2 protein chains.
Amino acid sequence: MKFGGTSVADLERIRRVARLVAAEVADGRKVAVVVSAMAGKTNELVAWTDGAGEASQGLSSSDDEYDTVVASGEQVTAGLLAMTLRNIGVSARSWLGWQIPILTDEAHGRARIEEIPPENLIGAMDRGEVAVIAGFQGVTKGGRMTTLGRGGSDTTAVAIAAAIKADRCDIYTDVDGVYTTDPRIEAKARRLAQISYEEMLEMASLGAKVLHTRSVEMAMAHGVPVRVLSSFIEPGQSEGRGTMVCDEEEIVEKRIVSGVAYSRDEAKISLFGLPDHPGVSSEIFGRLADANVNVDMIVQSHARSEGAANMEFTVGKRDAQRAVDIVRSAQSSIGFDDVVLDEDVAKVSVIGVGMRSHAGVAKTMFGALAEKGVNIQVISTSEIKISVLIDAAYTELAVRALHAAYGLDRL
Amino acid sequence: MKFGGTSVADLERIRRVARLVAAEVADGRKVAVVVSAMAGKTNELVAWTDGAGEASQGLSSSDDEYDTVVASGEQVTAGLLAMTLRNIGVSARSWLGWQIPILTDEAHGRARIEEIPPENLIGAMDRGEVAVIAGFQGVTKGGRMTTLGRGGSDTTAVAIAAAIKADRCDIYTDVDGVYTTDPRIEAKARRLAQISYEEMLEMASLGAKVLHTRSVEMAMAHGVPVRVLSSFIEPGQSEGRGTMVCDEEEIVEKRIVSGVAYSRDEAKISLFGLPDHPGVSSEIFGRLADANVNVDMIVQSHARSEGAANMEFTVGKRDAQRAVDIVRSAQSSIGFDDVVLDEDVAKVSVIGVGMRSHAGVAKTMFGALAEKGVNIQVISTSEIKISVLIDAAYTELAVRALHAAYGLDRL
C-alpha cells in the first residue's frame, strides 16, 4: 500500500490511513506500506535547502546534503504512521531507506534504485509486523542518504513490491482510478477496471498525473500488478475498487482505444525559411539537447520557394522562451528567415494497445476532429498512440469528440 | 563547536554559525560541529507524536518510533549547515547518529551513549572536512534510531569531543558564559573565566540553565575541557571569551564560593502529627519514588506532643499536587494528622569547591540572610554547596545579600 502526501497531510488523515491498513491486516494479508512526506513538508524542506545553497547556484556537490535534509519528511510520516498503527492494536515498525536498505546509485536528488535485499522486510512481515517504509529515499553503498526525485514514493512502492514479490502494489491517491479521459472535461468518462502497462506509460507521459512514468516502467519491467485507487474509501472496502495496471495479456475487456489524454503544457516553435540541406535538424536539436530542452513533436515541410523549408516542433511551456532564445542565437550559423513562438496550443492523444492490430484508428480520429471543425497542426504517432497538436481553444471539444468517436462513453 | 536550537533557528542564523565555524577553520583548527534542531521544530515533531500516540497514554512500545520522528529535526539542521559551509568555501559534510555511528543503549527517548568509534570522523577531519553532526540522536546496535532526551545535544558534543580526543568542546549558547549569579537579579554579577566540573554540576542541578547536568558529568568523567560562550560573538573573536569548565586543579583564581544559584521551581510539603516509629519515612518516600516524584530537601522534627513528629520536604512545582495526592492517599496506612502544600517558596544556594577546606561558609550565609530578615525554612548541604529554602518573596533580596557577602561582586 502506498499513500501520497495528501493522504498523510495531518494526523487525522494518518489515522484514516492506519484504519485502511488495519482492515487489510484483518483480512489476513501481510502488508508493507510506503508513505510520502506530509503534504507541503517537502516543499518547506526544499525551500530551506534553496536558501542554504543560494549562492551555489545548483552546485551539485551539495546534493548529498540536499538529500539528507529532504529525506527527513518521509522519515517523520513513517514514524507517525507506525505509532498510529500500534495505537489501534496493529503491530508495526518504520523502516528508513538505510535500514532496509534501499541501495541506490550516487546520483543524489535523482538516484536510481540498484538493489533492495528483501530479508529484513520479509522477516518483519513474517513476524506479523506491518512494515511502514519511508518513500522517496535510499542509501548509497557508502552510507549516504539519497532521494529518488519527483514521483519517488511511487517508485519506492513498486520497487519494494518487486523485491518482496508482493501479490499486488496498491497506490492510494486522490482519484479512484484511471479514467477513459479527464472527468472534469467529459462527464461520461468512466473508470477503467484494467489498463496495460504500455497504455499507462503513454497516459502518464501525455499528462495524466495518476502515476509517475518511472514507477510504471519499473512495474512493467518486474511484472508487478499495480492498482490505483482512492484513499477516501471506507476501510475494508478496497475489493474491486480502482484500476489495475497489468500485463496486456491479462486484460479481460479488450478495447482498441483505452483513453483520450490531453496536455496544455505545450508550446509550438516554427522556423521559416530554413536552408534545405543535411545537418540543419541536427544542429538545431543538438543545441536544444545540450541545454536540456526536451523536444516532443517535430514536423518539417518544404516551402514553395526553391531550396528552403519550414520546421515546427513542440516543447514544454516552461522551456519555450529558452528554446526560442537558443534557436535565435544560432540564426546566423544555421541560416533561417524567422522563428515564431505559439503558446496557444494543446496536444490531444488517443491511446490503446488495440491499435497494433486494428487499422482505421487514425481515420476515426481525424474524421471526428474534422467534423467538429478542429484544425490539426502537427501529428505524431507511436505504436499505441496518436497525438495531434491543435489550437488550445478547441481542447475540450476535441477530447469530447474523440471520447465519443471511440465509444468510450459506453460500457 | 556546539550550537543549540536558538543559534540555528533560521537560515540567517545558520549562515552566522557557518561564519563562526569558517573562522575557526581559517585559524588552522580541525572542527567538528554538533547542531540541535531549529528552534521550535522539536516541539512541532513532539506534538505530532503526542497526537499519533494519543490513545496509548505513553505506551513505551512506541518510543522507538518517537525517536525516528523527533530525530529528523537535527538531521535537517546538519544538512543545511553542511550546505551553507560549502557555500562559503568550507569543505564539510553532515553526519547522522547512525552514520558515525553514535552507539547507544535501547532506552528510546532517553538513550545513553555507549560507544562512538572515532575513525570515521577523524578520517573526515584529517581530510580537511568539517564534520557537521546531528546532535541528540544515536543508533542501537540493532540499527534503530534513538534520542538522548533533554539536553541531548550538549551530551552529544561532549561525547564526540571525548571520542575524537578534542582539545576543547565549545558550547555556543545565548549567554556569554557562567556568571557568579543571575545578572538579571544582580547587576554586579560577573562572568567566571573558569569553573570546576563539580561546581558546574551543582549550578546546573540548582537551576542555572547554561549546561545540562548529564553533559557536565560526561565532561568530568572524560576530562573534556568545555567552554561556554555566546553564539553572538563576531567570527574569529572567540579567544578569551566565555567560561571554561575544567578540572579543579586548573583553576587559576581560587575562590571559596564561586556562585549563588536560585530556583523558584520548588514546592514544600509539610506533614503534621506523624507517628514516631521506624519505617514511616521509608513508606512515604518509597511511594513517591514509585511514582517518579523527585524529592529534594527533607527535614524531620519532633513535635511537642508525645510520640509524634512533623516532616517537611520539597519537590518540583510540577510534581507538587501529585505528591500531595500520593501522600494523602496513604494517610490511613501511615497515620498522620494533616498535609499542607506551600508553593510560595524558593531555594537559594551558594556553591564553591573552596568550602571543602574553609570553615565559616555556612556562618557567613546564615548571618547575611538574618541581617536582611530572611527566614530560613529548610537547610540542605553537600560537600560544595549549601541550600536554603525561603519565602519566595525574598528570593532576589537573598541572592543579592549572598552575592555581596562572599565578595562575588569584586574581581
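## Close-up views of a predicted two-chain model

View 1. Residues are numbered from 1 along each chain as its sequence is written, and chains are lettered from A and ligands numbered from 1 in the order in which they are written. The largest nonpolar core has 246 residues, and A:Val33, A:Leu81, B:Val33 and B:Leu81 touch the most other members of it; a nonpolar core is a set of buried Ala, Val, Leu, Ile, Met, Phe, Trp, Tyr and Cys residues joined through C-beta atoms within 7 Å.

**View 2. Helix H4 of chain B and the residue B:Gly89.** Helices (H or I, at least four residues) and strands (E, at least two) are DSSP runs, numbered from the N terminus. The 16 residues of H4(B), residues 72-87, should span 22 Å at 1.5 Å a residue, and the end C-alpha atoms are 23 Å apart, which agrees; the expected span is 1.5 Å times one less than the number of residues. H4(B) is mostly covered, since 16 of its 16 residues are buried, a residue being buried if 20 or more other C-beta atoms lie within 10 Å of its own, exposed if 12 or fewer, and partly exposed in between, with C-beta atoms placed from the backbone. Just after this helix, B:Gly89 takes a positive phi of about 85°.

**View 3. Strand S6 of chain A and its partners.** Five of the five residues of S6(A), residues 130-134, are buried. A:Val130, A:Val132 and A:Ala134 point one way from the strand, whereas A:Ala131 and A:Ile133 point the other way. S6(A) pairs in the parallel sense with S2(A), residues 32-35, over four bridges, and likewise with S3(A), residues 92-95, in the parallel sense over four bridges; two strands pair if DSSP finds at least two bridges between them.

**View 4. The contact between chain A and chain B.** Here 30 residues of chain A are in contact with 30 residues of chain B. The elements that give two or more residues to the chain A side are H1 (11-26), H2 (41-52), H3 (63-70) and H4 (72-87) of chain A, and H4(A) gives the most, with eleven residues.

**View 5. The rotation axis relating the two chains.** A rotation of 179° with 0.1 Å of shift along its axis superposes chain A on chain B with an RMSD of 0.2 Å, which is the relation of a two-fold axis. The superposition is by least squares on the C-alpha atoms of residues with pLDDT of at least 70 in both copies. Of the residues of chain A, A:Ser72 comes closest to this axis, at 2.6 Å (C-alpha).

Terms used. This is a predicted model: local features need pLDDT of at least 70, side-chain atom pairs count only at pLDDT 80 or more; totals for chains, interfaces and linings use all residues. Two residues are in contact if their C-beta atoms, placed from the backbone, lie within 7 Å.
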